[in-house]
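The sequence and structure come first.

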There are 2 protein chains.
Amino acid sequence: MGDKVIRVAATSIPPRVAGAIAKTMREHRSAEVQAIGAGAVNQMLKAVILACHYVQPDKMQPFCVPSFIEVDVDGRPCTAVHLLVLAEAGE
Amino acid sequence: MGDKVIRVAATSIPPRVAGAIAKTMREHRSAEVQAIGAGAVNQMLKAVILACHYVQPDKMQPFCVPSFIEVDVDGRPCTAVHLLVLAEAGE
């Protein structure tokens, strides 16, 4: 698994984030994304759905394990939503 | 799988939705949730994370398969975010 977490903001563009997720999945068969706040969480989930489509030709059928994680934002503790995206071998 | 989709709104209370998801998972080992809009998607994902904790004593380790689905809202076509929550047998 890569140790690089893809951070998503409310202003992130889902297809672009999806491209980064798909690239990481092709390399590691997994990706980690995280977001803080409703707008960012929404963009993150959209990006993951798009990434699932992007990697279908690579015989991957991704699924997600969601969790909360504590992160530090400018010295303040914050709760982020984290998605571990894993690939199952497809048909 | 149950044919009842749990619909989440921006005003939904995550622990309450999580209770409904956990109940459905105990009965069917899967649950379906859907949401439209950033606020609702955020509440939905929070609820799923909580539900994952709720069902841990039942030896379930849930994971999600996210997708877009087309739904009809007051006669208008809308794109919703759908999560199929499935349980893997835990340790």
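## Helix packing within chain A

This is a predicted model. In chain A, helix H1 (residues 14-28) packs on helix H2 (residues 38-54). Their axes lie 8 Å apart, at an angle of about 55 degrees. That angle makes H1(A) oblique to H2(A). The crossing of the pair is right-handed.

H1(A) brings A:Pro14, A:Pro15, A:Val17, A:Ala18, A:Gly19, A:Ile21, A:Ala22 and A:Arg26 to the contact. H2(A) answers with A:Gln43, A:Lys46, A:Ala47, A:Val48, A:Leu50, A:Ala51 and A:Tyr54. By class, the residues of this contact are eleven nonpolar, two polar and two charged.

## Helix packing within chain B

Chain B has its own packed pair, helix H1 (residues 14-28) and H2(B). The two axes come within 8 Å and cross at roughly 55 degrees. H1(B) and H2(B) are therefore oblique to each other. Their crossing is right-handed.

On the H1(B) side, the contact uses B:Pro14, B:Pro15, B:Val17, B:Ala18, B:Gly19, B:Ile21, B:Ala22 and B:Arg26. On the H2(B) side, it uses B:Gln43, B:Lys46, B:Ala47, B:Val48, B:Leu50, B:Ala51 and B:Tyr54. Eleven of the residues in the contact of H1(B) with H2(B) are nonpolar, two are polar and two are charged.

## Helix packing between the chains

H2(A) also meets helix H2 (residues 38-54) of chain B. The axes of the two helices come within 8 Å and cross at roughly 80 degrees. Angles of 65 to 115 degrees count as roughly perpendicular, and H2(A) is therefore roughly perpendicular to H2(B).

From H2(A), the contact residues are A:Ala38, A:Gly39, A:Val41, A:Asn42, A:Met44 and A:Leu45. From H2(B), they are B:Ala38, B:Gly39, B:Val41, B:Asn42, B:Met44 and B:Leu45. This contact has eight nonpolar and four polar residues, and no charged ones.

## The largest pocket

The largest pocket has a volume of about 190 Å³. Its lining counts 13 residues. Nearest the centre are A:Cys52, A:Gln56, A:Pro62, B:Val65 and B:Pro66.

Which elements give two or more residues to the lining? They are H2 and strand S3 (60-73) of chain A, together with strand S3 (60-73) of chain B. S3(B) gives the most, with four residues. The lining divides into eight nonpolar residues, four polar and one charged.

How values were computed: Residues are numbered from 1 along each chain as its sequence is written. Chains are lettered from A and ligands numbered from 1 in the order in which they are written. This is a predicted model: local features need pLDDT of at least 70, side-chain atom pairs count only at pLDDT 80 or more; totals for chains, interfaces and linings use all residues. Side-chain values use heavy atoms; hydrogens and water are left out. Axes are lines fitted to C-alpha atoms, for helices over the stretch in contact, and angles run from 0 to 180 degrees between N-to-C directions. Angles under 35 degrees count as roughly parallel, over 145 as roughly antiparallel, 65 to 115 as roughly perpendicular and the rest as oblique. A crossing is left-handed if the near helix is turned anticlockwise from the far one by less than a right angle, and right-handed if clockwise. Contact means heavy atoms within 4.5 Å. Ala, Val, Leu, Ile, Met, Phe, Trp, Tyr, Cys and Pro count as nonpolar, Asp, Glu, Lys and Arg as charged, and the others, Gly among them, as polar. On a 1 Å grid over the protein atoms alone, a cavity is a set of points where a 1.4 Å probe fits but cannot get out, and a pocket is an open set with protein on both sides within 12 Å along at least five of seven lines; lining residues have an atom within 4 Å of a point. Grid points are joined across faces, edges and corners, and a volume is the space filled by probe spheres set on the points.
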